[in-house]
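Please consult the sequence and structure shown here while reading.

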Amino acid sequence: MLQKQLNTPLGPMTAMSDGLSLNGLWFVDQKYYGSTLPKLTLLAQRPIFAKVQAWLDAYFAGEDPTVDFPVQPAGTPFRQAVWAQLRQIPYGEVTTYGTLATVVGDQLGHLVGAQAIGGAVGHNPISLVISCHRVVAGDGALTGYAGGMARKQALLRLEGQLKTNEEHVSLRKTP
């Protein structure tokens with residue numbers, strides 16, 4: 001696996017790739033940082049890293065950039081199902097852990113608790129590109145973000161969901 005440090009206005013991020021796909025993207029001080037990084041990774045320059053940096057630059061410029069590079073996070077089938085749903089949350093919108101639990105439960109054919117969803121969301125290995133910051137509590141309260149609450153607020157503010165350092169968003173539910 002290959003890795004490269006990328007820059008954002010909210011701090012440096014480490015990107016991990018197999019050389020073709022983005023396999024990980026973490027703020028360097030976030031919870032579960034590098035949880036899927038193998039022990040041996042090489043610092044390298046590959047086209048995928050330039051594409052991810054361009055995506056980050058556009059995102060932080062207030063755009064809704066298209067993900068035009070392959071994204072392949074490693075995880076259990078349950079986590080993969082949750083992360084697939086995170087990718088469906090449109091820019092500038094949020095959803096709740098409970099809504100995700102219903103949607104993923106329907107897909108899997110059994111009940112899924114919001115707490116299990118929270119665990120999968122929190123262990124998302126590809127921050128920002130897989131939009132875990134867009135998940136809030138059922139009442140709109142900002143809860144949990146492995147990158148830290150200040151970053152979650154900044155990201156939601158960037159996307160127009162918060163005006164200041166609010167701790168609640170108006171829910172316009174998205175499946």
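The account below treats a helix pair and then the nonpolar cores of this predicted model.

**Packing of H2 and H4**

The contact between H2 and H4 comprises 8 nonpolar residues, 1 charged residue and no polar residues. The residues that meet are listed by helix.

| Helix | Residues in the contact |
|---|---|
| H2 | Phe78, Arg79, Val82, Trp83, Leu86 |
| H4 | Ala116, Ile117, Ala120, Val121 |

**The buried face of H4**

Ile117, Ala120 and Val121 are buried in H4. Viewed down the axis of H4, its buried residues fall within an arc of 100 degrees, so they line one face of the helix. These buried residues pack against H2, H3 and strand E6 (135-136). Leaving aside residues up to four places away in sequence, Ile117 touches Phe78, Val82, Tyr97, Leu100, Ala101, Val104 and Val112.

**Nonpolar cores**

The largest nonpolar core has 38 residues, of which Leu25, Leu56, Leu86, Ile117, Val121 and Leu128 touch the most other members. Two or more residues of this core come from each of strand E1 (2-6), strand E2 (13-17), strand E3 (22-27), helix H1 (47-60), H2, helix H3 (97-108) and H4. H1 gives the most to this core, namely 7 residues. Apart from this core lies another of 5 residues, including Val136, Leu142, Leu156 and Leu162.

Conventions
Residues are numbered from 1 along each chain as its sequence is written. This is a predicted model: local features need pLDDT of at least 70, side-chain atom pairs count only at pLDDT 80 or more; totals for chains, interfaces and linings use all residues. Side-chain values use heavy atoms; hydrogens and water are left out. Contact means heavy atoms within 4.5 Å. Helices (H or I, at least four residues) and strands (E, at least two) are DSSP runs, numbered from the N terminus. Ala, Val, Leu, Ile, Met, Phe, Trp, Tyr, Cys and Pro count as nonpolar, Asp, Glu, Lys and Arg as charged, and the others, Gly among them, as polar. A nonpolar core is a set of buried Ala, Val, Leu, Ile, Met, Phe, Trp, Tyr and Cys residues joined through side-chain atoms within 4.5 Å. Buried means under 20% relative accessible area, exposed over 50%, partly exposed in between (1.4 Å probe, protein chains only). The arc is that of the directions from the helix axis to the C-beta atoms.
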